[in-house]
Amino acid sequence: MITDATRRDTAIPALGVAVVAAVVLLATVRIALQSSRGQHWDNSAMTTVVAGNDAQLTLLSGLGYVSIGAIGLVAAGCVLVALLRGNLRLAVAAAVLIAGANITTQVLKRVLLDRPDFGLGVLNSLPSGHTTVVASATGAVLLVAPRVLRPVTAAVGGFATTLVGASTIVAGWHRPADVVAALAISLVWTGVLAAMIHGPRHPVTGTFVSSVVGCGSALVVLVAIGVRPAYGWVGFTQASLVLGAVTAVTVLFVVAAAAVSPDE
């Protein structure tokens with residue numbers, strides 16, 4: 001029997017989000033990695049945006065800060081915030097989310113997933129490790145952040161996740177599907193952990209607006225430092241679609257993660 005209390009709880013929506021994210025991950029693997037047409041689409045999307053030497057150095061410098069040490073600091077910060085709020089469950093959930101998402105990404109990329117040879121190389125780069133680091137950190141911070149701080153968290157997390165994900169594409173490290181897969185993995189873990197520590201739901205209007213602002217700001221920064229269509233105005237539409245799609249998917253990730261985070 002579904003009661004009003006059940007409707008206001010995050011457990012069922014969180015599980016639903018996790019299932020949808022898992023389906024997105026499977027579809028991404030099947031289409032972008034295991035099919036010839038998907039590989040060519042994905043590779044073409046990666047090469048449609050470029051950056052000059054100065055912009056490349058800026059992007060690579062920023063990506064250099066995305067490391068095991070950085071994710072360790074974020075995890076420790078999440079645990080500390082949760083403990084200061086007197087909630088051990090949140091502390092454990094945040095740590096498990098970050099560890100689980102990043103381990104899953106590395107196991108999939110290095111052990112379980114192979115890239116068939118369709119003329120574009122067989123070195124698998126899906127999912128993106130850099131994007132997983134930042135996305136899982138965003139999911140964890142949203143879990144432990146007090147309700148009043150979630151809009152700010154969504155803006156900052158959306159900005160960082162979009163900037164890192166798009167930068168890996170522009171730098172030629174990852175294809176767009178790698179970024180989507182990383183976001184899906186992070187959302188699966190966020191949904192599962194949110195369901196386990198379920199609690200009251202809260203409106204996400206504020207987090208939606210702030211995530212759009214944060215993700216959109218990252219796109220503006222990329223353009224400002226010199227990211228451009230690879231083929232000039234001829235390729236403007238395609239480049240805009242690629243960067244716009246990455247931004248939109250990141251917005252959905254942040255909003256979904258915020259929506260399933262219980263109002264503890």
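This is a predicted model: local features need pLDDT of at least 70, side-chain atom pairs count only at pLDDT 80 or more; totals for chains, interfaces and linings use all residues.
User: What does the radius of gyration say about the chain as a whole?

Analyst: The value is set against what a compact globule with this number of residues would have. For 264 residues that would be near 18 Å, and because the chain has 18 Å, the two agree. The C-alpha atoms fill a box of roughly 55 × 35 × 35 Å, taken along the principal axes. Of the 264 residues, 48% are buried. If we take the contacts with a separation of 6 or more, residues 24 or more positions apart account for 86% of them.

User: How is a pair of packed helices described, and at what angle do α3 and α9 cross?

Analyst: Two packed helices are described by the angle between their axes and by the distance between those axes. Here the axes of helix α3 (residues 36–46) and helix α9 (residues 176–196) come within 8 Å and cross at roughly 100°. Angles of 65 to 115 degrees count as roughly perpendicular, which means that α3 is roughly perpendicular to α9. On the α3 side the contact is made by Asp 42, Ala 45 and Met 46, and on the α9 side by Pro 176, Ala 177 and Asp 178. Sorted by class, this contact has four nonpolar residues, two charged residues and no polar ones.

User: Which residues touch the most other members of the largest nonpolar core?

Analyst: That core has 53 residues, and those touching the most other members are Val 49, Leu 143, Val 144, Leu 187 and Val 227. Helix α11 (residues 236–260) gives the most to this core, with nine residues. A second, separate core has 12 residues, among them Leu 25, Leu 108, Leu 126 and Ala 177. Ala 177 is also one of the α9 residues in the contact with α3.

User: What does Leu 143 touch, if I leave out residues up to four places away in sequence?

Analyst: Leaving those out, Leu 143 touches Leu 90, Ala 93, Leu 97, Arg 150, Leu 193, Ala 194, Ile 197, Ser 261 and Pro 262.

User: Is Thr 168 buried or exposed?

Analyst: A residue counts as buried when its relative accessible area is under 20%. Thr 168 lies in helix α8 (residues 150–170), and because its relative accessible area is 0%, Thr 168 is buried. Apart from neighbours within four places in sequence, its contacts are Leu 63, Ser 128, His 130, Thr 131, Trp 173, His 174 and Val 179. Ser 211, in helix α10 (residues 205–225), also counts as buried at 0% relative accessibility. With residues up to four places away left out, Ser 211 touches Ala 154, Ala 155, Val 251, Val 254 and Val 255.

User: Which residues could show me other levels of accessibility?

Analyst: Val 134, placed in helix α7, has a relative accessible area of 12% and is therefore buried. Thr 58, found in helix α4 (residues 53–63), counts as partly exposed at 44%. Gly 86 sits in the loop between α5 (68–84) and α6, and at 65% relative accessibility Gly 86 counts as exposed.

User: Where is the cis peptide bond?

Analyst: Most peptide bonds are trans. In this chain the bond from Leu 126 to Pro 127 is cis, with omega near 0°. Pro 127 is found in the loop between α6 (88–112) and α7 (129–144), while Leu 126 is among the members of the second core.

Notes
Residues are numbered from 1 along each chain as its sequence is written. Side-chain values use heavy atoms; hydrogens and water are left out. Axes are lines fitted to C-alpha atoms, for helices over the stretch in contact, and angles run from 0 to 180 degrees between N-to-C directions. Helices (H or I, at least four residues) and strands (E, at least two) are DSSP runs, numbered from the N terminus. Angles under 35 degrees count as roughly parallel, over 145 as roughly antiparallel, 65 to 115 as roughly perpendicular and the rest as oblique. Contact means heavy atoms within 4.5 Å. Ala, Val, Leu, Ile, Met, Phe, Trp, Tyr, Cys and Pro count as nonpolar, Asp, Glu, Lys and Arg as charged, and the others, Gly among them, as polar. A nonpolar core is a set of buried Ala, Val, Leu, Ile, Met, Phe, Trp, Tyr and Cys residues joined through side-chain atoms within 4.5 Å. Buried means under 20% relative accessible area, exposed over 50%, partly exposed in between (1.4 Å probe, protein chains only). The radius of gyration is taken over C-alpha atoms; the globule rule is 2.2 Å times the number of residues to the power 0.38.
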